[in-house]
Amino acid sequence: MASTQQSAGLELQLEEHRRELNAYCYRMLGSSFEAEDAVQETMVRAWKNLERFEGRAALRTWLYRIATNVCLDMIGSRERRARPMDLGPAREPVVENLATLPEVTWIEPVPEGAVLPDGGDPAEVAVARESIKLAFVAALQHLPAQQRAVLILCEVLRWKAAEVAELLDTSVAAVNSSLQRARATIESSNITQSDGPAPMDDAQRELLARYVDAFERYDMEALTSLLHEDATQSMPPYDLWLRGRDDVLTWWFGPGIGCQGSRVVPTLAANGSPAFGQYKPSADGNGHEPWALQVVEIVDGRIVEITFFLDTKRLFPLFGLPARLD
């Protein structure tokens, strides 16, 4: 009986770390689904090797060591993930510029509830939210795998260099050197961590409500007033991305006119930004079918970026969205 109770207690202790490990693995891998697989593999390895855990290091540190090794193995077997804007310049809003790349090419969104802590210090939560922004996660993928781990552990999780050196079986000097190179790479990508995005306030909620209303009505004038002049749009798995309000609206009212009549349903926040499920009218006129998970970024009262993730078969269940709207 005691052994059973002890096992149950250890399992509970392992599960207490699942969410933060999921966040770590997501930043490392850029995929919510791969992060989930990595955490599951971490838990399996930890459970199988519990007898080797002698308590010389904290359980949390030991789990991060396992998770890091799992992520390094996964990174070594594939190309880095990216956003469309990482692969080339913006192009004209014409259908001939559409090209589909494999799913494994792209940074994937993650529901905030799967990676952010409940409660806690607001400043720490803000930093955590900033560190899962799509642009920052994409920038992390430019780093060699070990530099990526060092930057996340030191800059995001605030580990000391000595703690990271012990986890990675290297020296403090090597950690500091890796951190310096990683910072330089991130800075060259013009992605820097701030104090985090402003909390959702009444003005932002009103802006989003106006956006949903304007998009569902496909109101050109209203949409023009909501988009920033330099707004960008991307649509993974297509590599085409657009820069500038005029090109975005040219697409919506040109090749993307099939979105007219869509329903837009608020869902769980994704990567520090509001998210919506978009449903296009069914071809047979009966209800609406899933088309995209929209992730919308707002700066200074204007929409500056919209990412339409088209892999609805996998993403809609992840974000709790229905399979269709009748």
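1. A pocket, in the sense used here, is an open set of grid points with protein on both sides within 12 Å along at least five of seven lines, and its lining residues have an atom within 4 Å of a point. The model under review is predicted.

2. Which element gives the most to the lining of the second largest pocket? That element is α6, with five residues. The elements that give two or more residues to this lining are α2, α4 (59–76) and α6 (122–130).

3. The second largest pocket holds about 440 Å³ of space. Its lining is made up of 23 residues, and those nearest the centre are Pro117, Glu124, Ala128, Val156 and Leu157. Sorted by class, the lining has eleven nonpolar residues, nine charged ones and three polar ones.

4. Ser31 sits between α2 (18–29) and α3 (32–48). Is Ser31 buried or exposed? Buried means under 20% relative accessible area; Ser31 has a relative accessibility of 1%, so the residue counts as buried.

5. The side chain of Ser31 has two partners worth checking on the model. With the side chain of Glu108 it makes a polar contact at 2.5 Å. The side chain of Ser31 also reaches the backbone nitrogen of Phe33, at 3.3 Å. If neighbours within four places in sequence are set aside, the residues in contact with Ser31 are Tyr26, Arg81 and Glu108.

6. The remaining points concern strand β4, residues 273–281. Eight of its nine residues are buried, so the strand is largely enclosed by the rest of the structure. As background, side chains in a regular strand alternate between the two faces of the sheet.

7. One partner of β4 is strand β3 (residues 263–270); the two pair in the antiparallel sense over six bridges. Ala270 stands opposite Ser273 in β4. The two strands form a hairpin with two residues between them, and in the turn Asn271 has a positive phi of about 55 degrees.

8. Strand β5 (residues 288–299) is also joined to β4, by seven bridges, and these two strands run antiparallel. Here Pro281 stands opposite His288 in β5. How many residues lie between the strands in the hairpin of β4 and β5? There are six, and Gly285 takes a positive phi near 80 degrees in this hairpin.

Notes: Residues are numbered from 1 along each chain as its sequence is written. This is a predicted model: local features need pLDDT of at least 70, side-chain atom pairs count only at pLDDT 80 or more; totals for chains, interfaces and linings use all residues. Side-chain values use heavy atoms; hydrogens and water are left out. Helices (H or I, at least four residues) and strands (E, at least two) are DSSP runs, numbered from the N terminus. Buried means under 20% relative accessible area, exposed over 50%, partly exposed in between (1.4 Å probe, protein chains only). A polar contact is a pair of N or O atoms within 3.5 Å; within protein, one must be able to donate a hydrogen and the other to accept it, and residues adjacent in sequence count only if both atoms are side-chain atoms. Contact means heavy atoms within 4.5 Å. On a 1 Å grid over the protein atoms alone, a cavity is a set of points where a 1.4 Å probe fits but cannot get out, and a pocket is an open set with protein on both sides within 12 Å along at least five of seven lines; lining residues have an atom within 4 Å of a point. Grid points are joined across faces, edges and corners, and a volume is the space filled by probe spheres set on the points. Ala, Val, Leu, Ile, Met, Phe, Trp, Tyr, Cys and Pro count as nonpolar, Asp, Glu, Lys and Arg as charged, and the others, Gly among them, as polar. Two strands pair if DSSP finds at least two bridges between them.
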